[in-house]
Every structure is written in C-alpha cells, then in structure tokens.
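Colleague: I'm new to this one, and I'd like to learn how to read a pair of packed helices. Can you walk me through it?

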Amino acid sequence: SLPSIERLSIPSLQFSDGPTGLRSTNSDPATVFPVGTALAASWNPALVQEVAAAIGREAIAYDVDVLLAPGVNLHRTPLGGRNFEYLSEDPLLSGRLAAGMIRGIQSTGVAACPKHFVANNLESYRMVSDSVIDERTLRELYLRGFEIAVREGRPRTIMTAYNLVNGEYVSDSERLLQQVLRDQWGFDGMVVTDWGGVNDRVAGVRAGLDLEMPSSGGAHDGLVVDAIDAGDLDPDQLLDRVAAVARLVSDSP
C-alpha cells in the first residue's frame, strides 16, 4: 500500500494480486478463480470480463484499489514459472482476453494493472536476464498482446518487468515506457514496478516510470533528490511522475 499524506488530504492506496483472484492481505478468505490458462481456453472475452468483474467486486469488499492483473506475457517455454498466470502463447488471444479482464475489473471502479511489460518469459535469473529480440518479433509477438490490452482495455496502470530487453532494463527504458507505451499506444495511466523491480530510479524517472514499489527502503528517493540538486534531473519530469500517481489516487473508489 501507499501511505496516506494527511496534510495534503491524500488517502492511502491499496494494491493486491492478482491474475487468479484477489490475494487476501489479512488471512481472510478470498475466492480462487480459474487461472489465466484456463480462462484463455474459453476463447471468450465476455466470459473473462464477467469473471474479472467478480474479482473486482471482491477487491472492493476488501478495500483494494489496484488489482495486479491480468498477466499478458506469452507462454514461450513450458518452464516459465508464471505461465499459470498468463493467458496463452498467442498474442492476439492474450491481448483480447486481457482487454476483457481489464474492462471487467475497472467496471467496478478498481484499477487493473496488466503485467509484466515486457518479454518476461522466464523466472530463473529474472532480475538479470536479457531478452534479445529483433524489432519485428518484438512488435508482432511480445508487444502485440500488451498493445491490444492497452488500446482496447484502457488500463489505469501497468507493471514493468524485471528483465532487460535488448540490453536495457525495462524500468529504465524511455523507448518502451514513453515512445511505445505512451506516445504510440496512447497509454495515459500510471507505470509501476514489480516489487524490488527498479534498476536505476533516476533513469526511470526520465524514462517514464512513475511509481517504485518496495524494497529500496527509501534509498532511491535520496538519489532522485541528489540528481535534481545536481542539475542531472529535470524537476518537471519528477512532477510528471507525481501527477500520474496523484491521478490514480484521485480516481480510486
């Protein structure tokens, strides 16, 4: 959760997984819904949207503002540790069903957060692995499902992957976060990391990364302040990041 700021009348914001239903944060019971691969086997965006709306209503009951779902990455290897969360090996099917899930979740007022953008297709060494992908393959396979989800589902948030893509951490990538996601696809929501998913916080601010989830213990905040004081970071870029978070807070139920 994000802490509240009482002097500015900014409330707390609660996040929760996920792709198979709400992850209860206090040991209270929560419904386990069919996993992503099972939902994708329906080939039915309307059904997925109905399931997602039920998950969203449960999130409302638990005072959750942001649901960290759906999982949009492709099944590229049977050893992928998160394959059960993701929908399919096909970008069109994954994108259409992810858009349905986003619409269903957000119909309740809860924000959806598709993940993990982009090319997170294995869990081993996920913090340091580099997905080396030519431009056509990146566009037609790895980015395509996310593009459909963003354009058709209009998610209010999106989560970055841990890994590098072509030698650059996604959380640092102006090309992916600004040029592709925002400029080309029209994404106007908040970009958030996975837990511990920041490589270089200052580079992330420049690139379009809005919110860091734990766990730097505040160390990265100091680096941002130092970069501004040294003239290495434009304060307006930081204000853009703050504004994206503020919009999400103000739009939350």
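Colleague: Which hand does the crossing have where α2 passes α3?

Modeller: This is a predicted model, by the way. In it, the crossing of α2 with α3 is right-handed.

Colleague: And how do I put numbers on a pair like that?

Modeller: In general, two packed helices are described by the angle between their axes and the distance between those axes. Here, helix α2 covers residues 45-61 and helix α3 covers residues 91-106. Their axes come within 7 Å and cross at roughly 35°.

Colleague: Which residues in α2 and α3 meet?

Modeller: On the α2 side, look for Pro45, Val48, Gln49, Ala52 and Ala53. They meet Arg96, Leu97, Gly100, Met101, Arg103, Gly104 and Ile105 of α3. Sorted by class, that contact has seven nonpolar, three polar and two charged residues.

Colleague: Zooming out, how many helices and strands are there in the protein chain?

Modeller: Eight helices and eight strands. The chain's radius of gyration is 17 Å, close to the 18 Å that the globule rule gives for 253 residues, so the chain is as compact as a globular protein of that length. Along its principal axes, the C-alpha trace spans about 55 × 45 × 30 Å.

Colleague: What share of the residues is buried?

Modeller: Buried residues make up 52% of the 253.

Colleague: What about contacts between residues at least 6 apart in sequence: what percentage join residues at least 24 apart?

Modeller: That would be 72% of them.

Definitions and conventions. Residues are numbered from 1 along each chain as its sequence is written. This is a predicted model: local features need pLDDT of at least 70, side-chain atom pairs count only at pLDDT 80 or more; totals for chains, interfaces and linings use all residues. Side-chain values use heavy atoms; hydrogens and water are left out. Axes are lines fitted to C-alpha atoms, for helices over the stretch in contact, and angles run from 0 to 180 degrees between N-to-C directions. Helices (H or I, at least four residues) and strands (E, at least two) are DSSP runs, numbered from the N terminus. A crossing is left-handed if the near helix is turned anticlockwise from the far one by less than a right angle, and right-handed if clockwise. Contact means heavy atoms within 4.5 Å. Ala, Val, Leu, Ile, Met, Phe, Trp, Tyr, Cys and Pro count as nonpolar, Asp, Glu, Lys and Arg as charged, and the others, Gly among them, as polar. The radius of gyration is taken over C-alpha atoms; the globule rule is 2.2 Å times the number of residues to the power 0.38. Buried means under 20% relative accessible area, exposed over 50%, partly exposed in between (1.4 Å probe, protein chains only).
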